[in-house]
Amino acid sequence: MDNAYTLLYIIVAFAAAGWLFQAARLWPDYKNGLYRELYGGFIFYFWHVVIRQDASESGYLRQKIGYSRILFSKIDKNGKTAARFCTIFYNEGLFTICYQNTDGAIHGKAKDKDWVVTRTDKKGQTASFRHHNPTADLEAYLRRLAIAFPDAHMETRICFPDKVDFSGLKSDVQLIHAEQIMNELQNVKADFISDEMIKADFAKASGEKA
């Protein structure tokens, strides 16, 4: 019996160590991303990503906006990620978020190849650097969605972390902070999409069996 308990403790310890490693790996993206707004907390995000290994559903979103599915996508260029997208399939249609992981103040125009981000460190020193304008990549992604779902109501936003100042940024796409995502989702008014149609559309987009 003692050997059985020892083996059980070893298995539990290894599982716990693995989960802690996964949690440490996921935390930076969670802290700087939009996952808090989609899953309602790190524990729930961890549960879906690591335990269930399916981040396409969120109990938090279901509570707030009804049945929904989440599709994460990205566009890579020259071996690097140029743009990241989160498309939410729900009863109001398709809602695509292009999330920008940066901080500071961002400036630029809609057609600029790059925007400019200005940061001030704790010592009061200011530095500026270029930030890829994702608009063209977002438009390309939306065109693919429009071809796949020609009758769907589609909304899109470019989203920044809450502390980013984008007052100096001009864009053809509506800009929001992460904390506004839920309000934006809830304020969309379109023809009602049934849960079965949501499942079918998500399966079509993701390759999942309906």
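A salt bridge is a side-chain nitrogen of Lys or Arg within 4 Å of a carboxyl oxygen of Asp or Glu. The legends below describe a predicted model, in which local features need pLDDT of at least 70 and side-chain atom pairs count only at pLDDT 80 or more, while totals for chains, interfaces and linings use all residues. Residues are numbered from 1 along each chain as its sequence is written, and side-chain values use heavy atoms, with hydrogens and water left out.

View 1. Lys199 forms a salt bridge with Glu196, and the closest N and O atoms are 3.4 Å apart. Both residues belong to helix H7 (residues 195–206), where they stand three residues apart, about one turn of the helix. Helices (H or I, at least four residues) and strands (E, at least two) are DSSP runs, numbered from the N terminus. An α-helix has 3.6 residues a turn, so residues three or four places apart point the same way. Lys199 is partly exposed, with a relative accessible area of 34%, whereas Glu196 counts as exposed at 55%. In these legends, buried means under 20% relative accessible area, exposed means over 50%, and partly exposed lies in between (1.4 Å probe, protein chains only).

**View 2. A salt bridge between Asp103 and Arg119.** The structure holds seven salt bridges. In one of them, the side chains of Asp103 and Arg119 meet at 2.2 Å, N to O. Asp103 lies in the loop between S3 and strand S4 (105–108) and Arg119 in strand S5 (residues 114–120), so the pair ties together parts that are 16 residues apart in sequence. Asp103 is partly exposed at 40% relative accessible area, and Arg119 is partly exposed at 36%.

**View 3. The pairing of strand S4.** Two strands pair if DSSP finds at least two bridges between them. S4 and S5 pair in the antiparallel sense over three bridges and form a hairpin with five residues between them. Ile106 has Val117 of S5 as its bridge partner. Three bridges also join S4 to strand S8 (residues 165–169), and these two strands run parallel. Here Gly108 has Leu169 of S8 as its bridge partner.

**View 4. The surroundings of Gln100.** Gln100 lies in the loop between S3 and S4 and is buried, with a relative accessible area of 5%. A polar contact of 2.8 Å joins the side chains of Gln100 and His131. A polar contact is a pair of N or O atoms within 3.5 Å; within protein, one must be able to donate a hydrogen and the other to accept it, and residues adjacent in sequence count only if both atoms are side-chain atoms. Leaving aside neighbours within four places in sequence, the residues in contact (heavy atoms within 4.5 Å) with Gln100 include His132, Pro134, Ile158 and Phe160.

**View 5. Gly93 in strand S3.** Gly93 has its place in strand S3 (residues 93–99) and is buried, with a relative accessible area of 6%. Not counting residues up to four places away in sequence, Gly93 touches Ile88, His153 and Ile193. Gly93 and Ile193 are 100 residues apart in sequence, yet 6.5 Å apart in space, C-alpha to C-alpha.

**View 6. Helix H3 and the residue Gln53.** In helix H3 (residues 42–51), the buried residues include Phe42, Tyr45 and Phe46. Just after H3, Gln53 takes a positive phi of about 55°.
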